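Subject: Structure handover

Hello,

Here is the structure we talked about passing on. Please look through it before reading the notes below.

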Amino acid sequence: MNQGKFITFEGIDGAGKTTQIDALEAWLRARGLEVVRTREPGGTPLGEKIRALLLADDMDVTAETLLFFAARAEHIARVIAPALARGAWVLSDRFTDATYAYQVGGKGFDARKVEQLEALVQGTLQPFRTVLFDLAPETAARRLAAARAADRFERESRDFFNRVREAYLARAQRAPGRFFIVDAAREPQRITEALLTEAASWM
Ligand code: TYD
């Protein structure tokens with residue numbers, strides 16, 4: 001039987017993940033593979049309710065981190081683990097690297113506490129590959145301003161997004177085999193080509 005693979009997509013807001021996840025999803029489906037497309041926070045009915053709280057209400061960073069992991073526990077139990085068990089490919093728009101980047105890198109939350117929650121909620125589950133869309137916050141902010149109204153996270157400062165970006169890059173440096181870094185400033189078509197070439201090596 002086909003082996004399911006868990007792929008996550010990360011990067012600061014406005015880096016252009018959605019278009020590229022669409023392209024990869026279509027490419028995998030064209031190969032006859034089952035694909036489960038999902039996102040965090042969210043991915044389940046309860047997770048989407050938690051997402052609405054997280055994006056709207058200001059809250060203490062510990063409460064915020066626990067809510068991300070509460071949604072994640074539900075997401076793993078109901079969507080990710082069952083899909084992988086039946087051999088599907090799971091494409092998740094964000095996962096735990098986002099907690100390290102936003103809550104730890106951006107807001108200064110203690111990384112060791114996130115490690116504990118990660119072990120509690122995920123056990124040994126880790127993404128097979130993580131595609132990191134790297135982009136200067138200035139460029140991302142210009143794209144977002146043109147696209148839509150900002151949520152609570154997107155209203156954070158340029159400094160905040162610089163810290164988030166650096167935290168993502170630091171994580172990628174520590175796990176180079178898992179991360180595939182994309183220069184998100186390039187033409188979308190060029191990014192798609194690079195991503196699909198990389199994906200061919202995951203088969
Ligand atoms: P996202 O779905 O990428 O936002 P949008 O649909 O508006 O593009 O993610 C929502 C926000 O949540 C995003 O700003 C990043 C943030 N986030 C965290 O701060 N920590 C996390 O663990 C996750 C998964 C997301």
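Are Arg72 and Glu40 buried or exposed? Arg72 is buried, and Glu40 is buried as well. Please keep in mind that this is a predicted model.

Salt bridges

The side chains of Arg72 and Glu40 form a salt bridge, with 2.6 Å from N to O. This pair connects distant parts of the chain: Arg72 lies in helix 3, Glu40 lies in the loop between strand 2 and helix 2, and 32 residues separate them.

By the rule applied, the model has 20 salt bridges. Another of them joins Arg37 to Asp22, whose closest N and O atoms are 2.9 Å apart. Here too the pair links distant parts of the chain, with Arg37 in strand 2 (residues 35–39) and Asp22 in helix 1, 15 residues apart. The relative accessible area of Arg37 is 30%, and that of Asp22 is 38%. Arg37 counts as partly exposed because its 30% falls between the limits of 20% and 50%. Asp22 is likewise partly exposed, because its 38% falls between those limits.

Asp110 and Arg112 form a salt bridge as well, and their closest N and O atoms are 3.2 Å apart. Asp110 is partly exposed, with a relative accessible area of 25%. Arg112 has a relative accessible area of 57%, and it is classed as exposed because the cut-off for that class is over 50%.

There is also a network of salt bridges, which links Asp58, Glu64, Lys107, Arg152 and Glu156.

Largest pocket

The volume of the largest pocket is about 580 Å³. Its lining consists of 29 residues, and those closest to the pocket centre are Asp13, Lys17, Arg94, Arg148 and Glu154. Sorted by class, the lining holds 12 charged, 11 nonpolar and six polar residues.

At least two residues each come from helix 1 (17–30), helix 2 (45–56), helix 3 (61–85), helix 4 (96–106) and helix 6 (137–147). Helix 4 provides the largest share, four residues.

Regards

How values were computed. Residues numbered from 1 in each chain as written. Predicted model: local features only at pLDDT ≥ 70, side-chain atom pairs only at ≥ 80, totals over all residues. Heavy atoms only, no water. 1 Å grid on protein atoms, 1.4 Å probe; cavity = no way out; pocket = protein on both sides within 12 Å on 5 of 7 lines; lining within 4 Å. Points joined across faces, edges and corners; volume = space filled by probe spheres on them. Nonpolar A, V, L, I, M, F, W, Y, C, P; charged D, E, K, R; others polar. Salt bridge = Lys/Arg side-chain N within 4 Å of Asp/Glu carboxyl O. Buried < 20%, exposed > 50% of the residue type's maximum accessible area, 1.4 Å probe, protein only.
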